[in-house]
Amino acid sequence: MTLLGIKLKQTQQLNQRLQQSLRVLQMSGIELEREVENWLSDNPLLERKDTDEFSDAEFSHYTAPARQIGGDEGEDMLSNIAGEQDFKQYLHAQVCEHPLSDQEAACVHILIDFLDEQGYLTDSIEDILDHTPLEWMLDEAMLQHALTALKKFDPAGVAAADLTESLILQIERLGECAAKPSALHIVRNALDSIDGNRSQTLARIKKHLPQTDSGTLEAALDLIASLNPFPAAGFASSTPTPYIRPDVWIEESKDGWTVSFNEDSLPPLQMNSEYCELMPSEGLSPEWKEKISEARQRIDSLELRKATVVLLAEYIVKHQADFFTFGEIGLVPLLMKDAAAELGVAESTVSRAANQKYLSCPRGVFALRYFFTQAVQMEEGKEAVSQHAVKAALSQLVGSEDKRKPYSDEALANLLAFRGMEVSRRTVAKYRESLEIPAAHKRKTAE
């Protein structure tokens with residue numbers, strides 16, 4: 001009976017250690033700093049290592065923002081930021097306000113984390129399933145049901161796949177008015193007809209709604225103009241890019257691309273030597289034994305975080321080497337489940353290691369999640385191409401086109417096919433919209 005009790009206690013300690021390590025791995029740099037401060041105040045056996053305030057490595061890799069802000073303007077800006085609310089936090093807080101089961105609420109939380117900076121959900125349900133751990137046991141029906149619920153959150157238009165759907169969601173929430181049906185018809189069928197010239201826009205819209213009087217069309221256009229094109233507009237960014245501290249450095253050497261850990265991204269902790277020297281070798285109280293074990297566990301969890309992030313960064317460099325040489329067009333399809341299989345860890349571990357972790361390379365600072373990208377559907381026998389690579393090629397083609405004769409979506413699809421990226425015209429239109437590239441007739445300039 002006594003042996004059974006001892007065994008049960010040891011298993012519980014192991015689980016606590018594992019849970020601690022997973023929590024630390026999941027945290028962002030800012031969250032980890034706060035956590036470490038709590039550790040230091042709670043456990044006198046922990047202390048920070050003595051380090052220089054600024055390291056040579058931090059100066060050598062520092063890239064100044066494009067525009068420096070200081071003086072009164074800087075003070076005003078900081079005072080404004082302090083009162084801003086993060087968009088995703090705002091959505092997470094709403095989950096408890098809706099009649100959702102625990103399972104539905106968990107799925108909504110997952111979808112919120114997949115929203116882009118504009119508040120759109122540009123990833124498909126299939127993509128999200130591929131990028132979430134298998135042990136979460138999600139399925140397409142669960143996520144689709146959660147997505148329907150999320151689209152009812154504030155602000156209106158959140159979680160839409162694109163601008164058109166976002167505007168439709170906003171209009172549908174409005175009260176009844178004479179212009180509402182016309183506004184919905186315009187958004188669904190003639191959104192590309194709207195430009196800065198009101199008279200020409202009205203003429204084009206009139207062709208789609210010949211039976212509607214001009215006054216109603218004017219009101220419909222005013223209604224559309226009053227909508228918010230980006231649901232996340234007006235909210236603070238969760239992570240201001242200019243102040244991101246990368247977790248790893250990627251540098252080119254004679255042997256190729258190398259990975260080194262940014263020691264400044266990890267709070268430097270150690271056992272307090274003075275307290276440890278005062279501890280008797282025998283006869284320690286259970287409370288102090290627990291504090292010693294806890295301090296060691298927390299130091300170990302930081303080291304495990306460091307090792308796991310470096311391991312994942314090395315995997316990314318190995319499989320995405322062309323990105324560091326050629327840029328976004330060199331990205332290849334990469335899934336977290338494949339990384340987990342090759343590294344011999346759980347898929348949830350890879351997801352936690354990639355969460356809010358960043359690498360710095362000659363091309364800039366990138367989130368580790370950025371390098372995990374789905375393949376574009378290709379014909380059988382064709383080499384898979386990542387979505388990021390197709391979007392990069394699309395941007396290049398539009399950037400180099402003759403603005404007097406811009407490429408149509410069909411022409412862009414043909415040019416991409418010539419580069420070995422065979423995608424449909426519909427896919428080109430979808431990617432063009434996500435890149436905020438106007439349609440061909442809007443890109444055309446005068447002779």
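**Close-up views of the predicted model**

View 1. F324 is buried, with a relative accessible area of 4% (buried means under 20%, exposed over 50% and partly exposed in between, with a 1.4 Å probe and protein chains only). F323 is likewise buried, at 2%. This is a predicted model, in which local features need pLDDT of at least 70 and side-chain atom pairs count only at pLDDT 80 or more, whereas totals for chains, interfaces and linings use all residues. Residues are numbered from 1 along each chain as its sequence is written, and side-chain values use heavy atoms, with hydrogens and water left out. Rings of Phe, Tyr and Trp (its six-membered ring) pair if their centres lie within 6.5 Å; planes under 30 degrees apart count as stacked, over 60 as edge-to-face and the rest as tilted. The count comes to ten aromatic pairs. Because the rings of F323 and F324 have planes at 85°, with centres 5.2 Å apart, this pair is edge-to-face. One aromatic cluster is formed by W257, F323, F324, F366, Y370 and F371.

**View 2. The largest nonpolar core.** This core has 43 residues, and V248, I250, F324, L359, F371 and F372 have the most contacts inside it (a nonpolar core is a set of buried Ala, Val, Leu, Ile, Met, Phe, Trp, Tyr and Cys residues joined through side-chain atoms within 4.5 Å). Helix α14 (residues 286-319) gives the most to the core, with eleven residues (helices are DSSP runs of H or I with at least four residues, strands are runs of E with at least two, and both are numbered from the N terminus). Leaving aside neighbours within four places in sequence, F371 is in contact with residues including I316, Q320, L331 and L334 (contact means heavy atoms within 4.5 Å).

**View 3. The β2–β3 hairpin.** Strands β2 (residues 248-253) and β3 (residues 256-261) pair in the antiparallel sense over six bridges (two strands pair if DSSP finds at least two bridges between them). The hairpin joins β2 to β3 through two residues. E251 has T258 in β3 as its bridge partner.

**View 4. The two sides of helix α11.** In α11 (residues 198-208), T201, L202 and I205 are buried. They lie on the same side of the helix because they cover an arc of only 100° around the axis (the arc is that of the directions from the helix axis to the C-beta atoms). The buried residues of α11 pack against α10 (180-189) and α12 (214-225). S199 and K207, on the other side of α11, are exposed.
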